[in-house]
Structure formats: C-alpha cells, structure tokens
Amino acid sequence: MSRTVQVGAGGAYDLGYHVVWCPKYRRAVLVGPVRDRLDGLIREKCAEHDWLIVALEIEPDHVHLFVKAHPKHAPSYIANQLKGFTSHVLRGEFAHLRSRLPTLWSRSYFVATVGAVSAETVRRYIDTQNERPWRTGVPR
C-alpha cells in the first residue's frame with residue numbers, strides 16, 4: 001500500500017489506527033445477521049466522519065478495524081463512537097443481544113498506530129484472520 005498523505009488546513013497527515021474491540025465476556029455473538037448489520041453500521045459511521053476504512057474483519061468474538069482518520073479525531077474518540085453507535089443500534093434491532101448481555105461491548109479496546117510496521121502488514125494480518133490454522137471451523 002502506498003502512502004497517501006491527506007492535506008488539510010494548516011497541515012498534512014497520514015494517520016492509521018488498528019482498533020480491536022470485543023463483546024462483553026468475549027461472547028461469540030457477531031455472526032449471521034448481526035455480523036452483516038455491524039459491518040454496515042461501522043461503514044456508515046466511518047463515512048459520516050470521513051474515516052477511511054482500509055481493512056475491516058468481524059470475527060464471532062471480536063472486531064478488527066484498520067482506519068485512517070483526521071488528526072482532530074483521537075483514537076479513543078474513534079473507538080467510542082463506533083462502539084457506542086453500534087451497540088445502541090444492534091441492541092435495538094436484535095433482542096437476543098439485550099437478553100444475553102448486560103452491554104454489547106466490553107469497556108476496553110485495543111488501538112495501535114500504524115507506523116512501526118507498514119500499513120500493508122497490518123492490512124494483510126487483518127485480511128488473513130480466517131486463514132489461520134487454529135481458526136478453521138469457527139463459525140462466522
């Protein structure tokens with residue numbers, strides 16, 4: 001992946017974040033229609049904020065997102081916007097998420113800037129999550 005520098009008022013930037021978050025108790029609830037709806041909601045929220053999704057992988061028990069954002073948006077803001085919005089909508093649309101979990105997402109998340117390794121390495125890591133030998137047979 002070539003470096004794409006964005007130019008804004010007063011500066012230029014190329015900030016990429018690898019964000020990972022999990023459902024409460026790491027329950028494998030992100031499957032089937034929930035997974036499909038979550039994918040659409042993440043893309044909708046990212047488009048609303050002009051965040052570029054480089055890679056997105058939704059596993060049954062966690063989400064990997066590689067996103068490029070404006071410097072005015074802190075990584076914590078990005079994670080909290082995505083978790084809050086998706087939790088509100090998904091728990092409203094899928095009753096089993098309300099009855100099975102006190103909240104959809106755990107309070108924690110992981111975020112790393114992309115720079116120590118290349119953006120291509122992170123994208124390849126996310127894209128090949130299901131090709132890992134120990135992940136075979138896990139429903140999506």
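Leaving aside neighbours within four places in sequence, which residues is Lys-24 in contact with? Select Lys-24 and look: the contacts are Leu-101, Pro-102, Thr-103, Leu-104, Trp-105 and Ser-106. Keep in mind as you go that this is a predicted model.

Lys-24 sits in the loop between strand S3 (15–21) and H1. Its relative accessibility is 23%, so Lys-24 counts as partly exposed.

Next stop, the helix pair. Select helix H1 (residues 32–48) together with helix H2 (residues 75–93); their axes lie 10 Å apart, and they pack at an angle of about 140°. That angle makes H1 oblique to H2. The crossing of the two helices, H1 and H2, is right-handed.

On the H1 side you'll find Val-34, Arg-37, Leu-38, Leu-41, Ile-42, Glu-44, Lys-45 and Cys-46, and on the H2 side Gln-81, Leu-82, Phe-85, Thr-86, Val-89, Leu-90 and Glu-93. The residues of this contact split into nine nonpolar, two polar and four charged.

Last, jump to Lys-68, in strand S5 (residues 62–69). Is this lysine, Lys-68, buried or exposed? Lys-68 is buried, because its relative accessible area of 14% falls under the 20% cut-off. Show Asp-14 too: a 2.7 Å polar contact joins its side chain to that of Lys-68. Beyond neighbours within four places in sequence, Lys-68 is also in contact with residues including Leu-15, Gly-16, Asp-50, Trp-51, Leu-52 and Val-54.

Definitions and conventions
Residues are numbered from 1 along each chain as its sequence is written. This is a predicted model: local features need pLDDT of at least 70, side-chain atom pairs count only at pLDDT 80 or more; totals for chains, interfaces and linings use all residues. Side-chain values use heavy atoms; hydrogens and water are left out. Helices (H or I, at least four residues) and strands (E, at least two) are DSSP runs, numbered from the N terminus. Buried means under 20% relative accessible area, exposed over 50%, partly exposed in between (1.4 Å probe, protein chains only). A polar contact is a pair of N or O atoms within 3.5 Å; within protein, one must be able to donate a hydrogen and the other to accept it, and residues adjacent in sequence count only if both atoms are side-chain atoms. Contact means heavy atoms within 4.5 Å. Axes are lines fitted to C-alpha atoms, for helices over the stretch in contact, and angles run from 0 to 180 degrees between N-to-C directions. Angles under 35 degrees count as roughly parallel, over 145 as roughly antiparallel, 65 to 115 as roughly perpendicular and the rest as oblique. A crossing is left-handed if the near helix is turned anticlockwise from the far one by less than a right angle, and right-handed if clockwise. Ala, Val, Leu, Ile, Met, Phe, Trp, Tyr, Cys and Pro count as nonpolar, Asp, Glu, Lys and Arg as charged, and the others, Gly among them, as polar.
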